[in-house]
Amino acid sequence: MVNHDWSSRFGAAMMGSHATPLTMLERGEGCYVWGTNGKRYLDFLAGIAVNSLGHAHPALVDAVSSQVATLAHVSNYFATPPQIELAERLKRITGAGERGRVYFGNSGTEAMEAAFKLARLNNDGGKRRRILALTNAFHGRTMGALSLTGKAALRDPFGPLLDGVEHIDSTIEALEAAMDDTVAAVVFEPIKGEAGVVDLPEGFIVRARELTREHGALLILDEIQTGVGRTGTWFTYQQFDIEPDAVTIAKGIAGGMPISALVTFGEASELFKRGHHGSTFGGNPLATAAANAVLGEIEASDLIGNAEQRGTQLRELIREMGSPLVDEVRGRGLLIGVGLTEPVANKVSAAALEAGLIVNAANEYSVRIAPPLIVGDVEIDEFGRLFSTALEAAQ
Ligand SMILES: *Cc1c(COP(=O)(O)O)cnc(C)c1O
């Protein structure tokens, strides 16, 4: 691939909805990627919490190569072994157990569309029409998911959006005030990822579970960014000892192969009836084999324990840098938000890239860090040097 002029070729060929890419990448291995400019980067974004096993991990390479050479796609008129294996695995790791059921899509936004339709089915003969979501939440960009997304800049060009969704402040008081028997579902991320890795107030998740039970509403958790071991448990709600009625999963589940899932618990598993939803690609053997390989490797190598430990190590390291730009360090496990005292996140991420480190400016006040779950001491040491260089450069 010729490197010259990639930026103008991108602009002339790709839809204008894309931001200008930061650089052009051509290969990866472990926690590193290489640009067409020959430069090596330490990847502490992992394709936005997607490359759970890093790049070109043999477990994923082998599973995808052998599955594509065996059976890649058959349509939903047929079952395949990797599909059933993955559904059973998801029932186990979510804790949904015997009564759990799984629907497969191809992207996070599709899992949220399925969740939205699930919420509509919990309507109690038409009496429940309201869905509560949070301001600043991100749930995807197709029209249903976008109706749940709570960011005006993403929503406003595309109105009218779907009826019935109300965005409330992320406080227990706001939730209590909005809750009644006309609410079909409460939908939120356990940590708001796109908002800059923002934690919910203490007690929010547990209170949401109580209130949804009391009023017959579904609790639907979007764990598309927070799930699959990243925050130190398979799913973040497991750290609060609660079970949702449904959880959406995507990003890190298959290390970069497109697949998502909606997992329902208990009675919520009975809402979807035959013919209610479907997808041509959803749950195909290639994507489900990839997910089985990734989840299997996370389990076999205890990458969840690694996420927890390395997360603590990284948080301490960032605090110890003592940079006047660092206001707070948010998130759990290997989903980290660095809150800045000045609106210079883009400067920090640009300086990091220049130094050979990929991190993400989620907004002007937040740097998002989400390395592969395989990250070890060598990469963390290198991150420490490069990130403090970047903070100094941006100061
Ligand atoms: C990324 C993300 C989505 C959307 O997933 P896509 O695969 O981009 O459609 C939805 N919710 C959350 C919390 C996400 O982080």
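Thr149 first: I find Thr149 in the loop between α6 and α7. This is a predicted model, so I keep that in mind throughout. Is Thr149 buried or exposed? Thr149 comes out at 0% relative accessibility, and because buried means under 20%, I log Thr149 as buried. I also listed what Thr149 is in contact with, leaving aside neighbours within four places in sequence: Ala137, Phe138, His139, Gly140, Leu154, Arg155 and His167.

Next entry, the ligand. Which residues surround the ligand? I get Ser107, Gly108, Thr109, Phe138, His139, Gly140, Glu189, Asp222, Ile224, Gln225 and Lys251. Phe138, His139 and Gly140 are in this shell, and I had already written them down as contacts of Thr149. Sorted by type, the shell holds two nonpolar, six polar and three charged residues.

I then went through the polar atoms. A ligand oxygen sits 2.8 Å from a polar backbone atom of Thr109. A ligand nitrogen is 2.7 Å from an N or O atom in the Asp222 side chain. For Gln225, an N or O atom of the side chain is 2.7 Å from an oxygen of the ligand. How much of the ligand does the protein bury? Taken alone, the ligand exposes 380 Å², and the protein buries 81% of that.

I looked for a cis peptide bond and noted one joining Gly159 and Pro160, with omega at about 0°. Pro160 is in the loop between α7 (152–155) and β6 (165–168).

I also noted positive phi values in residues other than glycine. Asn136 has phi near 70°, and I place Asn136 in the loop between β5 (130–134) and α6 (143–148). Val228 has phi near 60°; Val228 belongs to the loop between β10 (218–222) and β11 (246–249). Which of these two is buried and which is partly exposed? Asn136, at 40% relative accessibility, counts as partly exposed. Val228 has a relative accessible area of 3%, so I put Val228 down as buried.

On to strand β13 (residues 326–332), where I picked Glu328. At 37% relative accessibility, Glu328 counts as partly exposed. What does the Glu328 side chain make a polar contact with? I found the side chain of Arg330, at 2.7 Å. Not counting residues up to four places away in sequence, Glu328 touches Gly337, Val338 and Gly339. I also checked Leu340: Glu328 and Leu340 are 12 residues apart in sequence and 7.1 Å apart in space, C-alpha to C-alpha.

Last entry, the nonpolar interior. In soluble globular proteins, nonpolar side chains tend to be buried together. Here the largest nonpolar core has 84 residues. Those with the most contacts inside that core are Leu90, Phe188, Ile298, Val348, Ile369, Phe383 and Phe387. I followed up Phe383: apart from neighbours within four places in sequence, Phe383 is in contact with Leu42, Phe44, Leu314, Leu317, Ile318, Met321, Leu357, Val359, Ile369 and Ser388. There is a second, separate core of 22 residues, which includes Ala119, Leu148, Leu218 and Ala268.

Notes
Residues numbered from 1 in each chain as written. Predicted model: local features only at pLDDT ≥ 70, side-chain atom pairs only at ≥ 80, totals over all residues. Heavy atoms only, no water. Near = heavy atom within 4 Å. Polar contact = N/O pair within 3.5 Å; in protein donor to acceptor, adjacent residues only side chain to side chain. Areas by Shrake-Rupley, 256 points an atom, 1.4 Å probe, with all protein chains shown as cover. Nonpolar A, V, L, I, M, F, W, Y, C, P; charged D, E, K, R; others polar. Core = buried A, V, L, I, M, F, W, Y, C linked by side-chain atoms within 4.5 Å. Buried < 20%, exposed > 50% of the residue type's maximum accessible area, 1.4 Å probe, protein only. Contact = heavy atoms within 4.5 Å. Helix = DSSP H or I, 4+ residues; strand = E, 2+ residues; numbered from the N terminus.
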